[in-house]
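Here's a protein to explore.

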Amino acid sequence: MLAGKRILLIICGGIAAYKTLDLIRRLRADGASVSPVMTAAAAEFVTPLSVSALAGEAVHTTLFDLTAEAQMGHIQLSRVADLVVVAPATADMMAKMAGGHADDLASTLLMATDTPVLLAPAMNVRMWQHPATQRNLGLLKGDGVAVIGPDSGDMACGEYGPGRMAEPADIHAAIRQHLAQGPLAGRRVIVTSGPTQEPIDPVRYISNRSSGAQGTAIGQALQALGAHVVFVSGPADVPPPNGVELYQVETAQQMLHAVTAALPADAVVCAAAVADWRVANAPESKMKKQQGRLPVLEFAENPDILATISAPGPLRPKLVVGFAAETDDVLANAQAKRARKGCDWIVANDVSPATGTFGGSENTVHLVSEAGVEEWPKMAKTAVAQRLAQRMADTLNS
Ligand code: CTP
């Protein structure tokens, strides 16, 4: 997918620098060329030899390298790339960029480039949270610099919180997305996926058997066509696609909130199996067994995310797609559901036990739209996702 693309990779001095070796390997396996640049501090964490061995190119380190200047000037180096990636981006490099400093090769390249820049910050939690770093982050975003991460987790310094560099697989996916040229490039699509969990009390919940497989496949297929995918997922067994803008939720109410906060979008695909009801009288503390008395749960209806998004209004996406899992009268039920919820398309799923859809890797679907019903042959869930994504691209671009 990255064949013929050139990435200028600027490695700064942080413990996460070792992860860029994996990133280089992934980018090259994906067909990209990588021109590595290392700051002096970066060379304290990984050796230029390892970096150049993996990149298959010499590492650039100094501003005044006469041989390099004779071959390719530093300005030129920054311009021939399709994307400049700074990983790890330290607090110091972010400050330099925000302030417009150019006192070493890396910062000079960043000042001289007219190529899009993607930062993968990595630093101590307090450094990340420091007002100066947050101020610089705001300035850089305002300048059009893209940022991935940082992730939260245990840090090499022994602290916990945001500051860990995004994983190489996620940086790779973000790079793919930046260089995406597919029919959905520049489009923002929200996908809901997985089940929701509705608490009965703090330790028990009601949920369903949705694995999230179809939602993840749809997210990947949309991404492969170049879309920016916002993935709102309940607690699913199948992991979300790499590199999406991810929101992990538990309840239907949280899912609705995450989806509406992510608007506006060009399209929404509601693939989640949202619980229709929640427990209205869920206590704050764990329910205890009481001799001879059974608990009585009261239910309240959950908001219908698909219907809410489909309602007319200024933020109504151009294309809203829902799913319908049916065992009987598949088409009549799906058509009625499309009308009731106000969405544009319903992907009607025949989930009668004989089809083996639940938990299986294949799906038999019909696409129900205003134009009528299309019967799709039985195919892998990934193929359903690809066909759906292509149909969405055709419609959004028509
Ligand atoms: N949906 C939703 N929010 C809900 C319930 C459902 O967004 N609270 C969406 C699902 O993501 C899916 C579609 O609506 O796209 C399915 O609708 P639903 O009425 O739940 O259909 P079924 O699960 O098939 O259930 P039923 O046949 O009982 O209506």
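Keep in mind that the model is predicted.

**Two domains**

Let's start with the overall layout. The domain assignment of the protein chain gives domain 1, covering residues 6–178, and domain 2, covering 188–396. Taken over C-alpha atoms, their centres sit 37 Å apart. How do the two touch? On the contact list, 4 residues of domain 1 meet 6 residues of domain 2. Between them, the two domains bury about 400 Å², and 38% of that is on carbon and sulfur atoms. On the domain 1 side, the residues that lose the most area to domain 2 are D170, A173 and Q177, which together make up 85% of what that side buries.

| Pocket | Volume | Lining residues | Nearest the centre |
|---|---|---|---|
| Largest pocket | about 1100 Å³ | 41 residues | A272, A273, V274, F323 and A325 |
| Second largest pocket | about 750 Å³ | 30 residues | I148, G149, G243, V244 and E245 |

What kinds of residues line the largest pocket? Its lining has 18 nonpolar, 15 polar and 8 charged residues.

For the second largest pocket, the lining splits into 17 nonpolar, 8 polar and 5 charged residues. Strand 5 (146–147), helix 9 (168–178), strand 11 (228–233) and strand 12 (245–248) each supply at least two of the residues there. Which of them gives the most? That's helix 9, with 4 residues.

So where does the second largest pocket lie? Domain 1 and domain 2 both give residues to its lining, so the second largest pocket lies between them.

**A closer look at helix 5**

Last stop: helix 5, made of residues 91–99, where A91, M93, M94, K96 and M97 are buried. What do these buried residues pack against? Their partners are strand 3 (83–89), helix 6 (105–112), strand 4 (117–121), helix 7 (125–129) and helix 8 (131–142).

Key. Residues are numbered from 1 along each chain as its sequence is written. This is a predicted model: local features need pLDDT of at least 70, side-chain atom pairs count only at pLDDT 80 or more; totals for chains, interfaces and linings use all residues. Side-chain values use heavy atoms; hydrogens and water are left out. On a 1 Å grid over the protein atoms alone, a cavity is a set of points where a 1.4 Å probe fits but cannot get out, and a pocket is an open set with protein on both sides within 12 Å along at least five of seven lines; lining residues have an atom within 4 Å of a point. Grid points are joined across faces, edges and corners, and a volume is the space filled by probe spheres set on the points. Ala, Val, Leu, Ile, Met, Phe, Trp, Tyr, Cys and Pro count as nonpolar, Asp, Glu, Lys and Arg as charged, and the others, Gly among them, as polar. Domain bounds come from an automatic or database domain assignment. Buried means under 20% relative accessible area, exposed over 50%, partly exposed in between (1.4 Å probe, protein chains only). Contact means heavy atoms within 4.5 Å. Buried area is the accessible area (1.4 Å probe) that two parts lose on being put together, summed over both.
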